[in-house]
Amino acid sequence: MSKAQHFYGSSWIDRLALHRLDSAWVESARTSPEARFVPVSGVKSLLSSDESPSLVLLEASACGVAPDPDPDVGVASVLLGRDDQHVYFALDWSDQDATPSDSGLDHASFVDLRRAGLLMEAREAGLAAYARAMVHWHQTHRYCGACGASTDVEQAGYLRRCRAEGCGRQHFPRTDPAIIVRVTHGERVLLGRQATWPKRWFSVLAGFVEPGESLEDCVRREVLEETGVAVHDIVYNSSQPWPFPSSLMLGFSAVAAGDELKIQDDELEEARWFERNEILAGVADGELRLSPITSISRHLIDEWLGPVGAAAVRSRS
């Protein structure tokens with residue numbers, strides 16, 4: 001099993017689960033000098049506009065956080081957690097017209113994290129991903145899925161409760177589990193590409209877990225559906241939070257029973273077996289593009305290439 005610490009993770013933050021229940025503590029933390037707010041607008045994070053973008057964090061005085069957000073509008077802030085310096089909150093800026101009015105933000109703008117994440121420091125990218133996922137959940141759960149009534153925000157943003165008398169259903173943040181798998185056959189690895197991806201871009205296979213399905217069953221089904229290949233020896237590798245919009249990628253390796261490929265559905269445009277030397281040569285001459293180094297897909301490929309091969313690919317990418 002891999003011990004990888006993946007990009008977009010936030011293992012460094014204390015999520016303060018017990019403090020979420022103490023509204024007085026939360027309100028005191030929100031207005032304290034140690035509080036820092038992570039603005040999110042739609043799917044975008046507020047970043048400095050330079051060659052190495054950094055996450056913009058606001059003090060309470062710079063963003064005017066409302067203590068009681070209107071449930072019909074969304075949520076003002078969500079407690080994320082703390083480190084040894086600050087208590088962090090996600091701040092929903094979606095309904096505002098511009099960046100927060102603060103003198104230090106002349107060169108800041110809202111940018112899609114998918115585009116900018118690769119250029120960010122890993123710790124900041126993890127905090128931005130965490131904030132983005134929580135704001136996205138609130139934006140899509142303003143109303144009860146059971147009766148359609150408005151929901152109230154509780155537990156510092158980790159619970160929305162239906163307002164309707166006779167319902168009162170509780171809704172908690174959701175993460176969509178998806179498997180991603182490195183399939184090998186002898187000394188070859190199976191990579192595929194979707195038609196919507198940039199040209200020559202290949203990745204390992206992935207798909208969402210369906211209700212009533214184990215992770216291992218999902219691996220078998222997805223690989224078979226997409227490429228016609230049956231797999232065995234399925235082994236868990238590692239996982240990565242993937243905030244596009246709110247998934248958890250669960251990484252596996254698997255061995256193919258045969259090498260005949262037959263694209264079964266419209267998910268993939270192409271699937272191919274690659275030897276290590278083919279990947280190295282393809283990346284070197286620009287005929288092959290791999291997933292970004294921030295992704296668990298790339299981790300699975302690099303792990304199979306080995307330290308020397310992975311280093312060679314990175315130097316040529």
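Which residue forms a salt bridge with Asp217? It is Arg220, and the closest N and O atoms of the two are 2.9 Å apart. The legends below return to this pair after a short note on the model.

This is a predicted model, in which local features need pLDDT of at least 70 and side-chain atom pairs count only at pLDDT 80 or more, while totals for chains, interfaces and linings use all residues. Residues are numbered from 1 along each chain as its sequence is written, and side-chain values use heavy atoms, with hydrogens and water left out.

**View 1**
Asp217 and Arg220 both lie in helix α5, three residues apart, which is about one turn of the helix. Helices here are DSSP runs of H or I with at least four residues, strands are runs of E with at least two, and both are numbered from the N terminus. An α-helix has 3.6 residues a turn, so residues three or four places apart point the same way. Asp217 is partly exposed at 39% relative accessibility, and Arg220 is partly exposed with a relative accessible area of 39%. (Buried means under 20% relative accessible area, exposed over 50%, and partly exposed in between, using a 1.4 Å probe and protein chains only.) Salt bridges that share partners also join Glu210, Glu213, Arg221, Glu222 and Glu225 into one network. A salt bridge is counted when a side-chain nitrogen of Lys or Arg is within 4 Å of a carboxyl oxygen of Asp or Glu.

**View 1. Charged pairs around strands β6 and β7.**
The structure holds 17 salt bridges, and here we meet two of them. Asp152 pairs with Arg163, with 2.9 Å between the closest N and O atoms. Asp152 sits in strand β6 (residues 151-154) and Arg163 in the loop between β7 and β8 (170-171), so this pair ties together parts that are 11 residues apart in sequence. Asp152 is partly exposed, with a relative accessible area of 31%, and Arg163 is partly exposed as well, at 43%. The side chains of Glu154 and Arg161 meet in a salt bridge too, at 2.8 Å from N to O. Glu154 has a relative accessible area of 26% and Arg161 one of 27%.

Leaving aside neighbours within four places in sequence, Leu159 is in contact (heavy atoms within 4.5 Å) with Trp137, Asp152, Val153, Glu154, Gln170, His171 and Phe172. Pro173 is 14 residues from Leu159 along the chain, and their C-alpha atoms are separated by 7.1 Å.

**View 2. The largest pocket.**
The largest pocket has a volume of about 1100 Å³. Of the 40 residues that line this pocket, Arg114, Trp197, Trp201, Trp242 and Ser291 are the closest to its centre. (On a 1 Å grid over the protein atoms alone, a pocket is an open set of points where a 1.4 Å probe fits, with protein on both sides within 12 Å along at least five of seven lines; lining residues have an atom within 4 Å of a point. Points are joined across faces, edges and corners, and the volume is the space filled by probe spheres set on them.) Elements that each supply at least two lining residues include α3 (113-116), β9 (176-185), α5 (215-227) and α7 (296-316).

**View 3. Helix α6 and its buried face.**
In helix α6 (residues 276-284), Ile279, Leu280, Gly282 and Val283 are buried. Seen down the axis of α6, the buried residues fall within an arc of 170 degrees, taken from the directions from the helix axis to the C-beta atoms, so they line one face of the helix. These residues pack against β10 (188-193), β15 (270-275), β16 and α7. After α6 comes Gly286, with a positive phi near 80 degrees.

**View 4. Backbone features to look out for.**
Most residues other than glycine have a negative phi, and most peptide bonds are trans. Leu16, in the segment before α1 (23-30), has a positive phi of about 55 degrees and is buried at 3% relative accessibility. Asp233, in strand β13, has a positive phi near 50 degrees and is exposed, with a relative accessible area of 52%. A cis peptide bond joins Phe244 and Pro245, with omega about 5 degrees, and Pro245 lies in the loop between β13 and β14.
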